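Hello,

Here is the structure I said I would pass on.

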Amino acid sequence: MKMALDADTDTSDEALMVLYANGDRHAALALTQRITPRVMGYAYRLLSGDRAEAEDVAQETMLRLWRMAPEWRQGEAKVATWAYRVATNLCTDRFRSRRRQGRVALEDAPDVADPAVSADTRLVEADRTNALQAALAALPDRQRQAVVLRHIEGLSNPEIAEVMGLGVEAVESLTARGKRALAAILSGRKAELGYEDD
Amino acid sequence: MQEDELNRLLDGAKFTAPAPSPALLDRILADGLDEQLRLRPAQALRPEPGFWARIYGAFGGLPTVAGLCSATVVGLAVGYTDPTTINYLTGGLPTDLSEVIDLFPSTDFLATEG
């Protein structure tokens with residue numbers, strides 16, 4: 001009996017790619033459910049919280065993934081790592097385009113609301129999220145990518161090295177410098193972000 | 001800002017990215033299924049070889065079949081040709097070439113006994 005694949009199945013992403021290329025429609029669904037949220041969240045961070053652009057990046061990344069599937073070779077790369085790399089390049093193009101047009105500002109980050117918490121807490125959380133998003137936007141591209149991949153997306157340094165096409169030491173250096181820069185940017189807003197009361 | 005404060009801020013950010021909307025997931029899945037359909041005809045267009053195609057392949061394809069046909073035609077031609085014609089063509093040749101042509105005279109001692 002053939003079981004339907006979904007995001008929770010034990011089948012690896014790489015095996016799903018092969019199944020997809022062989023015409024398995026359930027594999028398309030499982031890959032969509034697994035990869036899209038990761039790419040979307042990552043793009044959202046890199047693009048200063050611009051949801052519409054993050055959705056465009058996610059859709060374009062997945063389109064390239066579909067087209068890549070027939071040539072996918074198991075064991076050569078992780079699907080998620082490949083998707084992060086494509087998304088990184090797409091975001092870099094968009095971010096640079098925005099910079100050329102002067103559209104990037106520290107106040108670009110949108111409000112993010114979680115209905116499960118109280119209004120006061122939500123305000124503090126929203127302030128913190130916005131402050132972090134703005135601080136990330138102020139980092140150089142490579143530092144922002146490394147920090148987001150390491151500390152928000154939870155990738156290992158070797159995985160980040162593969163995504164960014166760098167050595168592991170270079171990734172460690174970028175991450176450390178990125179975090180120092182973030183701390184420096186945010187230290188002026190500690191009281192505003194409620195950290196002195198914690 | 002202290003490192004632990006920054007780490008907490010980054011940890012909290014793991015849960016604040018928006019989830020993809022159902023509409024986005026639908027669009028992406030539709031793209032995936034469209035692309036999949038484009039892949040499948042390319043695989044389906046290769047038909048199974050028929051009986052004669054398999055026989056043809058079993059003989060080794062065009063070069064082998066061409067060679068077989070040539071050999072057959074030559075064989076038939078020789079079979080239907082008057083043998084005197086062949087004698088006419090080959091009659092002038094000596095029957096024992098070794099008596100006429102000594103290709104390696106310096107090696108005659110190898111052929112002598114004793």
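The notes below go through the two chains, their contact and a few single residues.

This is a predicted model, so local features need pLDDT of at least 70, side-chain atom pairs count only at pLDDT 80 or more, and totals for chains, interfaces and linings use all residues. Residues are numbered from 1 along each chain as its sequence is written, while chains are lettered from A and ligands numbered from 1 in the order in which they are written.

Confidence

pLDDT is the predictor's confidence in each residue, from 0 to 100. For chain A the mean pLDDT is 84, and 83% of the residues reach 70 or more. Helices here are DSSP runs of H or I with at least four residues, strands are runs of E with at least two, and both are numbered from the N terminus. Among the elements of chain A, the highest mean pLDDT, 96, belongs to helix H3 (residues 51-68), and the lowest, 80, to helix H5 (residues 119-138). Over residues 105-113 of chain A the pLDDT is below 50, yet this stretch has 21 contacts in the model beyond near neighbours in sequence. Two residues are in contact if their C-beta atoms, placed from the backbone, lie within 7 Å. Where pLDDT is low, the predicted coordinates should not be read in detail.

Chain A

Chain A has eight helices and zero strands. Of its 198 residues, 40% are buried. A residue is buried if 20 or more other C-beta atoms lie within 10 Å of its own, exposed if 12 or fewer, and partly exposed in between, with the C-beta atoms placed from the backbone. Among the contacts in chain A with a separation of 6 or more, 64% join residues 24 or more positions apart.

The largest nonpolar core holds 60 residues, and the members that touch the most others are A:Tyr20, A:Val39, A:Ala43, A:Ala58, A:Ala83, A:Ala87 and A:Cys91. Such a core is a set of buried Ala, Val, Leu, Ile, Met, Phe, Trp, Tyr and Cys residues joined through C-beta atoms within 7 Å. Helix H2 (residues 25-46) of chain A gives the largest share of this core, 12 residues.

Beyond its neighbours within four places in sequence, A:Tyr20 is in contact with A:Ala27, A:Ala28, A:Leu31, A:Ala69 and, from the other chain, B:Gln36. A:Ala27 counts as buried because 24 other C-beta atoms lie within 10 Å. From A:Ala27 to A:Met17 the C-alpha to C-alpha distance is 7.2 Å, at 10 residues apart in sequence.

A:Ser48 lies in the loop between H2 and H3 of chain A. Its phi is near 55°, a positive value in a residue other than glycine. Most residues other than glycine have a negative phi. A:Ser48 is buried, with 24 C-beta neighbours inside 10 Å.

Helix H8 (residues 168-187) of chain A spans 28 Å from its first C-alpha to its last over 20 residues, close to the expected 28 Å; the expected span is 1.5 Å times one less than the number of residues. In H8(A), A:Val171, A:Leu174, A:Thr175, A:Gly178, A:Lys179, A:Leu182 and A:Leu186 are buried. Seen down the axis, these buried residues fall within an arc of 130°, so they line one face of H8(A). The arc is that of the directions from the helix axis to the C-beta atoms. A:Glu169 and A:Ala184 are exposed on the other side of H8(A).

Chain B

Chain B has six helices and zero strands, and 11% of its 114 residues are buried. In H1(B), the buried residues are B:Leu6, B:Leu9 and B:Ala13. They fall within an arc of 60° seen down the axis, so they line one face of the helix. B:Asp4, B:Asn7 and B:Asp11 are exposed on the other side of H1(B). After H3(B) comes B:Gly60, with a positive phi near 105°.

The contact between the chains

The contact takes 35 residues from chain A and 26 residues from chain B. On the chain B side, helix H1 (3-13) and helix H2 (22-44) each supply at least two residues, and H2(B) gives the largest share, 12 residues. That side of chain B divides into 15 nonpolar, four polar and seven charged residues. Ala, Val, Leu, Ile, Met, Phe, Trp, Tyr, Cys and Pro count as nonpolar, Asp, Glu, Lys and Arg as charged, and the others, Gly among them, as polar.

Regards
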